[in-house]
Amino acid sequence: MPVNRGLLSRLLGLRYEQIAASYLQQQGLTLVEKNYRCREGEIDLIMRDQDTLVFVEVKYRGSASHGEPSAYFHAKKRARVEKAIAQFLHQRGINPANQALRIDLVAIQGKDIEWLTCV
């Protein structure tokens with residue numbers, strides 16, 4: 001039976017997004033929403049860190065043979081995430097001038113998890 005690479009990739013993504021969400025919850029963050037999608041892009045996880053809304057990109061690589069997972073959160077990807085954030089805030093009626101915001105990256109390589117604050 002042929003393997004549907006797109007479906008496999010999506011299932012792996014969901015698995016590692018759940019791992020990242022659990023990790024961040026153990027660090028004291030609260031889950032707001034998973035897999036927010038709009039025409040502008042996608043946000044893997046939306047969390048709350050006290051009074052700050054945290055928009056989390058999750059990147060997974062099984063090994064370093066294709067580079068570090070954090071390298072895959074490049075400027076073009078970040079721009080799409082920022083557009084999705086703007087849409088999320090607009091839809092929810094949240095004024096970014098009145099709400100602390102942050103973009104974080106959870107990079108998972110094998111079993112190692114690295115949590116990086118990007119903004």
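Figure 1. When contacts between residues at least 6 apart in sequence are considered, 56% of them join residues at least 24 apart.

**Figure 2. Confidence of the prediction across the elements.** The average pLDDT of the protein is 86, and 85% of the residues score at least 70. Among the elements, helix H1, which covers residues 5-26, has the lowest mean pLDDT, at 85, whereas strand S1, which covers residues 30-38, has the highest, at 96.

Figure 3. Asp104 is part of strand S4, which is made up of residues 100-109. Because its relative accessibility is 0%, and buried means under 20%, Asp104 counts as buried. The side chain of Asp104 makes a polar contact with the side chain of Arg102, at 2.9 Å. Once residues up to four places away in sequence are set aside, Asp104 touches a run of residues made up of Val54, Phe55, Val56 and Glu57, and it also touches Trp115, Leu116, Thr117 and Cys118.

Figure 4. Gln99 is found in the loop between H2 and S4, and it is buried because its relative accessible area is 16%, which is under the limit of 20%. A polar atom of the Gln99 side chain lies 2.7 Å from the backbone oxygen of Asp51.

**Figure 5. Pro96 in the loop between helix H2 and strand S4.** Pro96 is found in the loop between helix H2, which covers residues 75-92, and S4. With a relative accessibility of 48%, Pro96 counts as partly exposed, because exposed means over 50% and buried means under 20%. Leaving aside neighbours within four places in sequence, Pro96 is in contact with Leu89 and Leu101. Pro96 and Ile85 are eleven residues apart in sequence, and their C-alpha atoms are 9.9 Å apart in space.

**Figure 6. Asn35 and Gln50, two residues with a positive phi.** Most residues other than glycine have a negative phi, and this view shows two residues that depart from that general rule. Phi of Asn35 is near 50 degrees, a positive value in a residue other than glycine, and Gln50 has a positive phi of about 55 degrees although it is not a glycine either. Asn35 lies in strand S1, whereas Gln50 is found in the loop between strand S2, residues 41-49, and strand S3, residues 52-61. Asn35 is buried, with a relative accessible area of 17%, while Gln50 counts as exposed at 68% relative accessibility.

Technical notes: Residues numbered from 1 in each chain as written. Predicted model: local features only at pLDDT ≥ 70, side-chain atom pairs only at ≥ 80, totals over all residues. Heavy atoms only, no water. Helix = DSSP H or I, 4+ residues; strand = E, 2+ residues; numbered from the N terminus. Buried < 20%, exposed > 50% of the residue type's maximum accessible area, 1.4 Å probe, protein only. Polar contact = N/O pair within 3.5 Å; in protein donor to acceptor, adjacent residues only side chain to side chain. Contact = heavy atoms within 4.5 Å. pLDDT = per-residue confidence, 0-100.
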